[in-house]
Amino acid sequence: MEEAEGEPAPVPPNEEALGMSEKDQTPLNWYTGGADTNVDETEEWLTAFEQVIQYEGHERAQFLLKKLLEKGYEKDVTLPFTGNTPYINTIPAAKEPPYGGDRAIERRIKSLARWNAMAMVVRANKKYAGLGGHISSFASAATLYQVGLHHFFRGRGEGGFDGDMIYYQGHSSPGIYANAFLEGRISIEQMESFRREVERGKGLSSYPHPWLMPDFWEFPTVSMGLAPISAIYQAKFNRYLRNRGLRDPQNRKIWAFLGDGETDEPESLGAITLASRERLDNLIFVINCNLQRLDGPVRGNGKIIQELETTFRGAGWNVIKVIWGSDWDPLIEADNTGLLIQRMNEVIDGEYQKYVVEPGSYIREHFFGKHPELLELVKGYSDEQLHRMRRGGHDPVKVYAAYKAAVEHEGAPTVILAKTVKGYGLGEAGEGRNVSHQQKKLTEEEMRFFRDRFDIPIPDKDLHDAPFYRPAEDSEEIRYLKERRAALGGPVPQRRVRTEPLATPMTGMWETFFQGVTREVSTTMVFVQMLTQLLKDKEIGKKIVPIVPDEARTFGMESLFRQFGIYSHVGQLYEPVDKGMLLYYREVKDGQILEEGITEAGSMASFIAAGTSYATHGIDMLPFFIFYSMFGFQRIGDLIWAAADQRTRGFLLGATSGRTTLNGEGLQHEDGHSHVLASVVPNLKAFDPAFAYEVAVIIRDGLKRMYTDREDIFYYITLGNENYPMPPMPAGAEEGILKGLYKFQAAPGSEGDGGGDRPRVHLFGSGSLLREALRAQGILAERYGVAADVWSATSYKELRRDALEADRWNLLHPDQEPRKPYVVSLLAGDDAPIVAVTDYMKLVPDMISRWLPGRLFPLGTDGFGRSDTREALRRFFEVDAESIVIAALHELAGRGVVDRVVVRRAIDELGVDPEKLDPVVS
Ligand SMILES: Cc1ncc(C[n+]2csc(CCOP(=O)(O)OP(=O)(O)O)c2C)c(N)n1
Ligand SMILES: [Mg+2]
């Protein structure tokens, strides 16, 4: 755009004015120090040191270095802190193991995978513009996956070994499909239906989704950050199973492939210290450092590999950097000035990215040209050669060496930081370009370049179609690929379920909860009693996994510490301060409780690991994750979504729930919306029970449906901390509890005549507010002559699901007897007004309003919470008995059944201030 006349020219940023010192601009790097002021002296020291290494060995050399450092600290001569090593490969060329396969065949297979991965995206977008897909991520990661595929990833073979657990980077999925296509596990029709799951019925899902491809994908990964945290807790869970003597995971490795941009997500790095603390040497992260994310460079002004190295080393991980390909080895070897490594150290990622898109002459001038000695080093190299010098992540030899070292490493998890090029091999079409991530179409010319670059046997005339290519079944490539996978125990990825149905515990324990108690207890206490009983069950007790993020005492669960133990991989190395007490803090190697500390995300990741073990480990584990309900869905909703995708089974318990039931904690703690958020997860059953028997009926049925009937569902149950007596279960209530609504108590004196000529209403109550509905029932009867039936609404989500199902069936079957939603049949045409009261937002009962014969008036807790007594809060949010009475009279007045004057009078009599604050906006 032309600059408008008279407009001031843009002012270049003035670094001095911005307060940036030179230090601020120095990238995080290996300490390079100042200039050498006494070269001879340096030489003497170095020679002496080399002699120590040569004649007395590495250990002595290390000792001397340590002594020198100590002396430095003593005399106040210290090195600035660095977690970095120089910007070179961690494994020197001399220490590389011989390559374990046939490089030439593997290259051909890899090229075919590259081609087919590219073709599936290009073909899909040619035919159906806007379908999406990614070419450049797998293009940069192909070698990282391929070396694993041929040599490291163990499959889920028949021989009893369960194989490795691999978290593939979500948007590299085209490459994973392409491999499966070459193996013959995915048909050409499926390849044609990438991202067209609806029309073809068996199309390939955009990203790894076990929900959509339950025989293929194991772990949903595409929401950035969830794979790394899930992988860490999966690795921990494997150890838990072993330490508890339930399964020996035979050192199954957990591989997690991540993008470098992805590491900005707090979930990616937030749990890495757990992995080193627990010495999870079954865990390997491979971070594909292609230096780019979606919009541009990851750290244009710095160095992502160096930054991640510091972070992971500081956290106690084994870090393996794979930066330079073998082409660089002779140069590093030949450089006796130290200038090459210095140059490698000082160049920043923005410049490294530029070297990809510029010709070799540019690299000569800008990288080597800084020092005449370096120019001398490459004087025998053509520009073309310089341009083609590979990065470590594209060199199978380097990647193989890193993987081998990683799987053999003991005592700590390993992270491999592999430097690659985004869109590798795409040339002008996207290699190293900032637009690379979005590239979905290639011109014929670009495809020709790609074909030639990787020697794909596709003739010119066919190029414009980007056809898939699979060599004959008996070709060298296909045979090699199949042999390698057979030797490694079968294909990856693959999801398999091999558990037998569990018998639901039908012991007498449930009965005790059905009978109720006159003592005042909370549903949380009831749940903890139930859990304790289940933990003692002979059949399933051992398989229960109680998970808690540092809230056990809040929920009265400390009695479980002593009885069942808190899991710790080292046991208890100290004497707990409360050892003399009955309920002391007991950590033990085979402890059953996962006390995860203050991490809802980590706890949820453990929940997923436990709740999917029926598939990943072939053993049913039953997780019960109990948390502060406010810090559940709203904080870790995306992990809950992933749990649903992964077909996780188990119980989520939202404790201290209800915006007025949890009263003193205020705005950030009082949850009045988790049931809104729970309503969006398709395979989740959400319940808001009021009484002990309701909790018992729901959990018993959940156990049956998930573990006996083997449905891929999971449960969310909110629990309160308000104490009250628990009534016995009314006869025949079970069906309604599970379907979401049942009549708890008919209007007093209504037996036989249904209330006579008295005005009639229905009161729906949920959770602890059911008791306010009961109190309102009494007031309405005694003071206003209104007959109110009280219903317990345990799940609006279930009622709505059932009603939607009936509606849909009726819509599509116009000439058949229409189906009646459960809630419709329950009310049997009774059009009396309904007042629904909940400790959640009004939206929750509103979910079913359109099916009801009578009008529904919802009372709920919309707005921010605040701290006060329960009574004050319930009045403030207008969900107490008095507010229910007023709403009921208002609805009756609307129909002309009672006079409006009565409503006016009730507001006065019940002491409600009509000018009080509106909770929704206050
Ligand atoms: C939580 C989340 N936010 C945003 C995205 C959208 N997204 C997909 S890929 C991508 C860039 C990924 O960059 P990087 O991790 O470096 O992977 P690369 O493709 O470079 O290997 C983004 C932002 C997402 N998938 N998940
Ligand atoms: Mg990247």
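Modeller: Happy to! Let's start with threonine 838, which counts as buried because its relative accessibility is 1% (buried means under 20% relative accessible area, exposed over 50%, partly exposed in between, with a 1.4 Å probe and protein chains only). Please keep in mind that this is a predicted model, where local features need pLDDT of at least 70 and side-chain atom pairs count only at pLDDT 80 or more, while totals for chains, interfaces and linings use all residues. Residues are numbered from 1 along each chain as its sequence is written, chains are lettered from A and ligands numbered from 1 in the order in which they are written, and side-chain values use heavy atoms, with hydrogens and water left out.

Threonine 838 sits in the loop between strand 19 (834-837) and helix 34 (843-846); helices (H or I, at least four residues) and strands (E, at least two) are DSSP runs, numbered from the N terminus. Its side chain reaches the backbone nitrogen of tyrosine 840 at 2.9 Å. Beyond neighbours within four places in sequence, threonine 838 is in contact with Asp688, Leu769, Pro845, Leu859, Gly860, Thr861 and Val879 (contact means heavy atoms within 4.5 Å).

Now to the ligands. Of the 18 residues around ligand 1, Ser137, His171, Asp260, Gly261 and Lys422 come nearest, where a residue is near if one of its heavy atoms lies within 4 Å. An oxygen atom of ligand 1 is 2.8 Å from an N or O atom in the side chain of histidine 171, and a polar side-chain atom of aspartate 260 also lies 2.8 Å from an oxygen atom of ligand 1. On the backbone side, a polar atom of methionine 224 is 3.1 Å from a nitrogen atom of ligand 1.

Aspartate 260 turns up again at the magnesium ion (ligand 2), which is coordinated by Asp260 (OD), Asn290 (OD1) and Gln292 (O) at 2.0 to 2.2 Å. Donors here are N, O and S atoms within 2.8 Å of the metal (3.2 Å for Na, K and Ca); water is not among the atoms, so sites may look incomplete. Aspartate 260 lies in the loop between strand 2 (254-259) and helix 10 (266-269), and glutamine 292 in the loop between strand 3 (283-289) and helix 12 (304-314), so the pair ties together parts that are 32 residues apart in sequence. Both aspartate 260 and glutamine 292 are buried.

Definitions and conventions: Polar contact = N/O pair within 3.5 Å; in protein donor to acceptor, adjacent residues only side chain to side chain.
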